[in-house]
Amino acid sequence: MKINLHVERLILDGLPVARHQAAQVHAAFESELSRLLTLHGLDASLMSGASLARLNVGELRLPRGAAGDPAQLGAQIAAAVYGGFGGEVKR
């Protein structure tokens, strides 16, 4: 299965991300979202294709210290986005 995903803009309102950390957050986000899609797949409702103008994942609750760790922050954002697609992260 091939999944093409294009994220035009990721708005991180209220998160303390320094400009020099943005690339690290972005890389961690891409890596974790790719991992989740590979491991768990995509919700059946999206399997035939979809175009979403906006995906609101709601409020993101970060564990203590996550805001200072770009890799952990990117992974948490990816999990929230994956959940917004209707995916369930099985741990």
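Figure 1. Ile3 is found in the segment before α1. Helices (H or I, at least four residues) and strands (E, at least two) are DSSP runs, numbered from the N terminus. At 33% relative accessibility, Ile3 counts as partly exposed; buried means under 20% relative accessible area, exposed over 50%, and partly exposed in between (1.4 Å probe, protein chains only). Together with Leu5, Val7 and Leu10, Ile3 forms a nonpolar patch on the surface, with about 290 Å² of accessible area. Patches are made of residues with over 30% relative accessible area and no salt bridge; like charges are joined within 9 Å, and nonpolar side chains (Val, Leu, Ile, Met, Phe, Trp, Tyr) within 5 Å. Accessible areas come from the Shrake-Rupley method with a 1.4 Å probe, and for residues only the protein chains shown count as cover. This is a predicted model, in which local features need pLDDT of at least 70 and side-chain atom pairs count only at pLDDT 80 or more, while totals for chains, interfaces and linings use all residues. Residues are numbered from 1 along each chain as its sequence is written, and side-chain values use heavy atoms, with hydrogens and water left out.

**Figure 2. The whole protein chain.** The protein chain has two helices and zero strands. Of its 91 residues, 24% count as buried. The accessible surface of the protein chain comes to about 6,700 Å², and 48% of this belongs to carbon and sulfur atoms. Among contacts (heavy atoms within 4.5 Å) between residues at least 6 apart in sequence, 75% join residues at least 24 apart.

**Figure 3. The salt bridge of Arg35 and Glu32.** The structure holds one salt bridge, defined as a side-chain nitrogen of Lys or Arg within 4 Å of a carboxyl oxygen of Asp or Glu. Arg35 forms this bridge with Glu32, and the closest N and O atoms are 2.8 Å apart. Both residues lie in helix α1 (residues 22-40), three residues apart, about one turn of the helix. Arg35 is partly exposed, with a relative accessible area of 38%, whereas Glu32 is buried, at 17%. Glu32 also touches Ala75 and Ala78, not counting residues up to four places away in sequence. Side chains of opposite charge can pair when their charged atoms come close.

**Figure 4. The largest nonpolar core.** This core has 12 residues in all: Val25, Phe29, Leu33, Leu36, Leu37, Leu73, Ile77, Ala78, Ala79, Val81, Tyr82 and Phe85. A nonpolar core is a set of buried Ala, Val, Leu, Ile, Met, Phe, Trp, Tyr and Cys residues joined through side-chain atoms within 4.5 Å. Helices α1 and α2 (70-84) each supply at least two residues of the core. Helix α2 gives the most, with six residues. In soluble globular proteins, nonpolar side chains tend to be buried together.

**Figure 5. Helix α2 and its buried residues.** Helix α2 has 15 residues and reaches 21 Å from its first C-alpha to its last, close to the 21 Å expected at 1.5 Å a residue. The expected span of a helix is 1.5 Å times one less than its number of residues. Pro70, Leu73, Gly74, Ile77, Ala78, Ala79, Ala80, Val81 and Tyr82 are buried in α2. The buried residues of this helix pack against α1.

**Figure 6. Ala18 and Pro70.** Ala18 is found in the segment before α1 and is partly exposed, with a relative accessible area of 28%. Ala18 and Pro70 are 52 residues apart in sequence and 9.4 Å apart in space, C-alpha to C-alpha.
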